[in-house]
Amino acid sequence: MAGVVVPKRQDTKKFFENLSGAGKSIAVLTSGGDAQGMNAAVRAVVRMGIYVGAKVYFIHEGYQGMVDGGANIEEATWESVSSMLQVGGTVIGSARCKEFRGREGRLKAAHNLVQNGITNLCVIGGDGSLTGANLFREEWSGLLEELIQQGLIDKEAAATNSELHIVGMVGSIDNDFCGTDMTIGTDSALHRIIEVVDAIMTTAQSHQRTFVLEVMGRHCGYLALVSALACGADWVFIPEMPPEDGWEADMCQKLSENRADKKRLNIIIVAEGAIDSHNKAITPDYIKECCKGFDTRVTILGHVQRGGTPSAFDRILASRMGVEAVLALLEASTNTPACVVSLVGNQAVRLPLMECVQMTQEVQKAMDEKKFEEAVRLRGRSFENNLRTYRLLSCRKTDSELPNSSFNVAVVNVGAPAAGMNAAVRSAVRVGITEGHKMFAVSDGFEGFYKGQIKEIKWGDVGGWTGQGGSLLGTKRTLPGKYLDKIAEQIKIHNINAILVIGGFEAYMGLLELSSARNQYTEFCVPMVMVPATVSNNIPGSDLSIGSDTALNAITDTCDRIKQSASGTKRRVFIIETMGGYCGYLATVGGLAAGADAVYIYEEPFDIRDLQANVEHLLEKMKTSIQRGLVLRNENSNENFTTDFIYQLYTEEGRGTFDCRKNILGHMQQGGAPSPFDRNFGTKVAAKAVQWITRTLKDSYKEGKVFANSEDTACLLGMRRRAMVFQPVAQIRDETDFVHRIPKDQWWLKLRPLMKILAKYKTSFDVSDSGQLEHVTRVRPKDSSA
């Protein structure tokens, strides 16, 4: 797969205040197919560019606007990108441009850039757009020579604009670009698909129908594959995995088996570029023909997938990439190759543009040569993991085909409910059964455990669980400490050999209590693993938790509506309280996604002077054309500066200039159907956790029984920067602030300066993680385990 080689980082901190954009001009353009989140990227480039003292220009209508020049190249202001964050598509326009493909067109474009003194170009588009930008850069000196010969520019202008620096951001809903885990627009497109699938499921269930859905993806099956994972589809067709001959009969047999299992509907997802093993297109109509004996309907989603408002994930991704792109342009030198800003794991990285483009082209070459395994490998880690998980969950075996492990594995939900918990339970149960284990569901957390609310759970029992919010198993905050003897007794009665805990901070503390009691109770000497699931995202050992993305989308959607209401009345500031306990993740990242003016959190102490400065900032803002404000406050950010206090302070201080309203979002952040990200994340981490359980059970099975009492047999599975890692809970203890129920070190605090910059505050920004150009390789990174 396409991995990323990371150079060793120096420990010295680097701040972007040392980077100045004075005297520089940056132009931003969107090209090729539009994607939700492009506007967030444009906004971030414009505001970061202006912030560092550069001139920033819009190039309207993509490369066509660069070739035509004139009014298409327009200087941007801070206010000109206001209200763009929540708008889908691209407000500066995009167009396919034949003229730019010819040298004559590129000569015109170069002339227009020189006339405006633009030597830094930020291109948001797909691999075709980025390849065109790189060619333009390579030809730049030759184009300037030609312009001098034609008398269109003088030598002085050529000398002043002698270097063209290019940074790319990938905007494509297909997620078909190598070197990045996610492209701008992919998550929003998945939202549109899942919204449709969820709606179709209710009508399909009513009539016992089979639905064939065609999603976009002419050359890449990412959307089809992930939406199939996220909705538990019965069958998926993607270009990278052509079905074997005779698939028609196999598919019908599987549909029949599912119906025999009392399943009332079937969902088949097909990518528009799906092919069979003979390179023949597989169309929805042909699939419908094959489904004889089933009441089958076809739905083609089409451009619905490109439309609508961008998801919270895409806004944050695009904002992070936009800021990183400006930093890359400021740091570019004569020898710096054109780079693309990518996302690997949870980290923004810079990669040489042409290395990524070449890898992307190699995928298509491998598919043309029918080397499909090679194509999947080249697609990258994210695609490979999704395909592996889908295969694991889709191949239901008969009892005779299953390995007989004779192990019993219990699954329990602990803490507050979080959207995506049910997807994790479904995945764990089905992967466990596939591995030959007997799976047991524990109702109502550790309370249900000690009361003996434990029963076997079968494959069919978890059908349709992926799209359900909350916790169908039931969950409680009760800790096991007081009931250790009763829980040990239940483990003995049901012969439980391993425990999977899915939950929040109580789940983490519960696992610590159980593993600490191993010396006292041998029943707890079994493999235990925790998967973080909480809207607060406050679990040490993991950058992300199941449920937090759904909560972020709920916050972002509400803020969008509130901002819209303010645009009618003008001069209004909204104070919004979010959940999270003492953890400011939801408030901070929600504020970044919604375009907040200020965010108050516990982790960053504030006093009355800070509140006064924020009010003054908003008073200045009301003098511009942006006459509304948005302030987020984490529920436990300060015991004295309550939401009511802040509301009253802003009301009094803003009297005569703006009025205030307050909203407490409350439990709506915990409810609702899980987002595609949470469904997919929950499915993958739970599958990985059960596979770890299988390995650990085999390693700890001696003399006819399981005995596991080492630290590395009680683990938390979390995302750390770029990898999923199993970490012994005993070792994470030191990373935890137990009083405030938060990790001592939280990665997202680095996003706070970014949020402040985009809201026009002067701040210090640590860019130690930036500025390192990395390389795409084909080295497979080792799977991280404990």
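This is a predicted model: local features need pLDDT of at least 70, side-chain atom pairs count only at pLDDT 80 or more; totals for chains, interfaces and linings use all residues.

Reader: Understood. Which residues touch the most other members of the largest nonpolar core?

Author: They are Met169, Ile267, Ile269, Leu500, Ile502 and Leu630, in a core of 153 residues. Helix α10, residues 312-331, supplies the largest share of this core, with 13 residues.

Reader: And what is in contact with Ile269, leaving aside its neighbours within four places in sequence?

Author: Ile269 then has contacts with Leu213, Val215, Ala224, Ser227, Ala228, Cys231, Ala233, Trp235, Val236 and Phe237.

Reader: Let us turn to the strands. What is the order of the open sheet of 7 strands?

Author: The order is β15-β14-β13-β16-β17-β24-β25, and the pairing is mixed. At the edges are β15 (454-456) and β25 (723-728), each of which pairs on one side only. From one strand to the next, the twist averages 25°.

Reader: How many bridges join β16 to β17?

Author: Strand β16 (residues 498-503) and strand β17 (residues 528-532) run parallel and are joined by 5 bridges. Ile499, for example, has Met528 in β17 as its bridge partner.

Reader: Which strands does helix α17 lie across?

Author: Helix α17, residues 505-516, lies across β13 (408-414), β16, β17 and β24 (714-720). Its direction is at about 170° to β17.

Reader: Now the helix pairs, please. How do α7 and α13 cross?

Author: The axes of helix α7 (residues 222-231) and helix α13 (residues 381-394) come within 10 Å and cross at roughly 45°. The two helices are therefore oblique to each other, and their crossing is left-handed.

Reader: Which residues make that contact?

Author: From α7 come Tyr222, Leu225, Val226, Ala228 and Leu229. The α13 side consists of Ser382, Phe383, Asn386, Leu387, Thr389, Tyr390 and Leu393.

Reader: Back to α10: at what angle do α1 and α10 pack?

Author: Helix α1 (residues 38-51) packs with α10 at an angle of about 35°, with the axes 7 Å apart. This crossing of α1 and α10 is right-handed.

Reader: What does each helix contribute to the contact?

Author: Helix α1 contributes Ala40, Ala41, Ala44, Val45, Met48 and Gly49. On the α10 side are Arg315, Ala318, Ser319, Gly322, Val323, Val326 and Leu327.

Terms used. Residues are numbered from 1 along each chain as its sequence is written. Side-chain values use heavy atoms; hydrogens and water are left out. A nonpolar core is a set of buried Ala, Val, Leu, Ile, Met, Phe, Trp, Tyr and Cys residues joined through side-chain atoms within 4.5 Å. Buried means under 20% relative accessible area, exposed over 50%, partly exposed in between (1.4 Å probe, protein chains only). Helices (H or I, at least four residues) and strands (E, at least two) are DSSP runs, numbered from the N terminus. Contact means heavy atoms within 4.5 Å. Two strands pair if DSSP finds at least two bridges between them. Axes are lines fitted to C-alpha atoms, for helices over the stretch in contact, and angles run from 0 to 180 degrees between N-to-C directions. Angles under 35 degrees count as roughly parallel, over 145 as roughly antiparallel, 65 to 115 as roughly perpendicular and the rest as oblique. A crossing is left-handed if the near helix is turned anticlockwise from the far one by less than a right angle, and right-handed if clockwise.
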